[in-house]
Amino acid sequence: MDHFEVRDYDAAGRIGELRVPRAGVTVETPALLPVINPHLRTVTPRALERDFGAEILITNSYILYNSDKYRERALSEGLHDLYDFSGAIMTDSGSFQLAEYGDIDVDTPEILSFQRDIGSDIATPVDIPTSPTASREQAERELDETQTALETAAGVDTGDMLVNAPIQGATYPDLRERAADHAYGTGLDVFPVGAVVPLLNDYRYAEMVDIVAAAKRGLGADAPVHLFGAGHPMMFALAAAAGCDLFDSAAYALYARDDRYLTVRGTEHLADLEYLPCSCPICTDHTPSGLAAHGDDRREELLARHNLHVTYAEIRRVKQAIRQGNLLELVEERARAHPAMTDGYRALLDHAEQLERTDPTRKSTFFHVSAESARRPAVGRHHDRLDRFAVDADTVLLTEGGNNDRFDETWRLKPPFGPFPRGLSKTYPLTAQVPNRPSRPAYEAAAEGVDRLVAANPDVEFTVGHFGWPASALDHLPERVDRIDLSEEDGG
Ligand SMILES: [Zn+2]
């Protein structure tokens, strides 16, 4: 794909450049696309560009297509003039309306031509968003229809307009993977993972992660991925770490309409807030009661602006974390905001091998901050390396303590990684900051590391010198390894 270039990776998250030729702009990803409803412009596109630095937005071409008020204007003026926005504009096709109402009055060639004619920069065919409640048979049948729509779209003359290739398949990872593989093969340009909104609304973040991971397996590394309908800042870090590049937010406006206030830890109702835990211009200038005192329209706009500030700030925080190589630390932080987010993070770690393929081998210091840290890709990578270590000694001490002359060699032993030669102690990830009281999974992961090294060196005698490891971790050690509990020794 010559329109998308990845500059930095962290886990499967990346900073990329999406070139949008028709708009003549390059959008840095991860990027947020605020949703513009042409009939309800809570915050105008012009204000999004000027006050929030929006480089791209999304609007629904099907609403314009059916609008007596805007259809002709969109065709004669073009979207960019109609919206007074100079960045990139993505358009949706009416698939959402199709899913809601069961029928729409356009097909893919017609709506794609309309999107081209109104000056859309990234258009969408009519795919079938299959509900997460769908049976496998329904999901397969509807995926066939989506795939036909994508093939049709690939044959439509769309000029230099980019075209989305949505990936469906409900909650069936194998269907999502197959759908992604097919979508990538069509030669279309951007890959929205579709119909995840019902999952996100139900806090089913673990399934969202499994679906994204499945889609990523079917796509090339150069495919820009859009998590369609994901606009809550709480889950951006998680979704970005799974490999999503684009997010769209209707939430900033929809929530504002209901007096709901977004934070990176969740959603609050304005009536429940005694303080505004935010430093954006709106929250600096107002108290909750001051906001509540405004009339409906003004209050909605102020809340929408706060919601946008929080949302854009989180996108920037995710990008900074990718650049610094501590995205997973940010994910761990966000995972504590809600048990369902913890599930999402645990699901992400189920795909640690997949993340490991793009995770940099050198980055900023690994912070071991939770039990889940023990399952991060860097730990698995170290264990894989231990499988290949040929130890050239008869007796080796693997220890959390100091060197000992009774052994031919002394190696360091550090949860959650396990053993490593002293010469590596200044290299990533072994420079990790680990609490003095590691979690049980961290000890167990270290024992797994010992097991891997011992298995690779059957003729070497190993002794583990540890400080009071729990029995569950000691049980993970191979039987032939001697153990010394250094905390029971004098001066230990
Ligand atoms: Zn604020």
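Mentor: Let's start with the residues themselves. From H16, the residues Val331, Glu332, Arg334 and Ala335 make contact with Met341, Thr342, Gly344, Tyr345 and Leu348 of H17. Sorted by class, this contact is made up of five nonpolar, two polar and two charged residues. Keep in mind that you are looking at a predicted model.

Next, step back to the domains. The chain is divided into domain 1, residues 4-354, and domain 2, residues 365-488. The centres of these two domains, taken over C-alpha atoms, are 43 Å apart. Where the domains touch, nine residues of domain 1 are in contact with nine residues of domain 2. Our two helices turn up again here: on the side of domain 1 that touches domain 2, the elements giving two or more residues are H16, H17 and helix H18 (352-356). The residues on that side comprise five nonpolar, no polar and four charged.

Finally, here is the wider setting. The chain has 21 helices and 18 strands, and its C-alpha trace spans about 90 × 55 × 40 Å along the principal axes. Of its 492 residues, 50% count as buried. Among contacts in the chain with a separation of 6 or more, 70% come from residues 24 or more positions apart.

Conventions
Residues are numbered from 1 along each chain as its sequence is written. This is a predicted model: local features need pLDDT of at least 70, side-chain atom pairs count only at pLDDT 80 or more; totals for chains, interfaces and linings use all residues. Helices (H or I, at least four residues) and strands (E, at least two) are DSSP runs, numbered from the N terminus. A residue is buried if 20 or more other C-beta atoms lie within 10 Å of its own, exposed if 12 or fewer, and partly exposed in between; C-beta atoms are placed from the backbone. Two residues are in contact if their C-beta atoms, placed from the backbone, lie within 7 Å. Ala, Val, Leu, Ile, Met, Phe, Trp, Tyr, Cys and Pro count as nonpolar, Asp, Glu, Lys and Arg as charged, and the others, Gly among them, as polar. Domain bounds come from an automatic or database domain assignment.
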